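Trainee: I would like to learn how to read a model like this one. Please take me through it feature by feature.

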Amino acid sequence: MPDPLNDLTAAVLAGPKYAAIVPELARRLAAAELAKGRSPKEALKATRNKLHQVGGAYLGGRMDYPDWADRLAAVSADPAALQAECRAILAAHASSRERLPILDDFYAAIFAALGPVNSVLDVACGLNPLTLPWLPPDLTYYGVDIYTDMTAFCDEFRARLGRPGRVWAADVLAQPPDTAVDVAFVFKTLPCLEQVDKDAGRTLLRALNAARLVVSFPVTSLGGRAKGMPANYAARFEALAAAEGWPIQPLNITGELVYLVEKG
Ligand SMILES: C[S@@+](CC[C@H](N)C(=O)[O-])C[C@H]1O[C@@H](n2cnc3c(N)ncnc32)[C@H](O)[C@@H]1O
């Protein structure tokens, strides 16, 4: 029997830009578009647009994972060269590219505020596992994002460095990760998830199995404009945390709006 949702999901994933996205997310977004009464052609376009907004828009050019893996392997014994190579690759994701100028200070400020930490979960991590050389060496690092190829590449990098943990692909809204960790990082991701579901941020933060969260927001749009973003994000997030009864502490980091949240 024909199944319009199966057909639409398969058509979405047939596009080369969408082939590595976890099928559950493509299916969930496709179902939402069909439920609006769109034709299959309109629903295909609208689903791909949404996937572009939440993921594709951040990717710059060709993501050459096999070449990157070779380049990283070639410098793995030289810490300075490894960090330089990681920086070059981090520039391929708009979100981590924006953070490159402040990367050292960013983690220094976060770990100074956190104190000793054994494990983190990096939610919607993008290429952020490539910042493992900046993180404490004994830290167990978990990361999750929607791209099967990106997360496999990042997990291979983690394993090659000999760091405990795992990086995997999942739709964190459909399956919020229940991995128990000391801290969850939710960097610049809530506005992105809220494009699909306006209550997604609250639902996700509640579900995370961590007593503490580090939640951040961009201070400019992807196009580089400020548009009053920090003030808007701050007001909305501080209201959310107050409603949940979560104490928060803003961290003094230039270039990104960062909060430490005591979820308890
Ligand atoms: C603004 S970027 C932030 C990336 C990373 N946290 C950082 O700060 O560098 C948003 C990330 O969310 C991921 N993403 C979007 N929707 C998601 C979902 N439903 N589940 C998991 N990851 C998602 C995208 O692929 C993208 O890497």
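Predicted model: local features only at pLDDT ≥ 70, side-chain atom pairs only at ≥ 80, totals over all residues.

Trainee: In which sense do β6 and β7 pair, and over how many bridges?

Mentor: Two strands pair if DSSP finds at least two bridges between them. Strands are DSSP runs (E, at least two residues), and helices are runs of H or I with at least four, numbered from the N terminus. Here β6 (residues 248-251) and β7 pair in the antiparallel sense, over four bridges. Five residues lie between the strands of this hairpin, and G255 takes a positive phi near 100°.

Trainee: Which strand pairs with β7 over six bridges?

Mentor: That is β5 (residues 210-217), antiparallel to β7 (residues 257-262). L213 stands opposite V261 there. In a regular strand, side chains alternate between the two faces of the sheet.

Trainee: What does L213 touch?

Mentor: Contact means C-beta atoms, placed from the backbone, within 7 Å. Leaving out residues up to four places away in sequence, L213 touches V183, A184, V186, L205, L208, V261 and K263.

Trainee: Which residues touch the most other members of the largest nonpolar core?

Mentor: A nonpolar core joins buried Ala, Val, Leu, Ile, Met, Phe, Trp, Tyr and Cys residues through C-beta atoms within 7 Å. Buried means 20 or more other C-beta atoms within 10 Å of the residue's own. The largest core has 63 residues; V123, A184, V186 and L213 touch the most other members. Strand β4 (residues 181-187) gives the largest share, six residues. Domain 1 (4-54) and domain 2 (65-262) each supply at least three.

Trainee: How many residues does each domain bring to the contact?

Mentor: Domain bounds come from an automatic or database assignment. The contact takes ten residues from domain 1 and eleven from domain 2. On the domain 1 side, α2 (23-35) and α3 (40-54) give two or more residues. α2 gives the most, with four. The domain centres, over C-alpha atoms, are 26 Å apart.

Trainee: Which residues are closest to the ligand?

Mentor: A residue is near a molecule if its C-beta atom, placed from the backbone, lies within 6 Å of it. Here 20 residues surround the ligand, and G55, S95, A124, G126 and F187 are the closest. α6 (94-99) and α9 (190-193) each give two or more residues to this shell.

Note on methods
Residues numbered from 1 in each chain as written. Buried ≥ 20, exposed ≤ 12 C-beta atoms within 10 Å, placed from the backbone. Contact = placed C-beta atoms within 7 Å.
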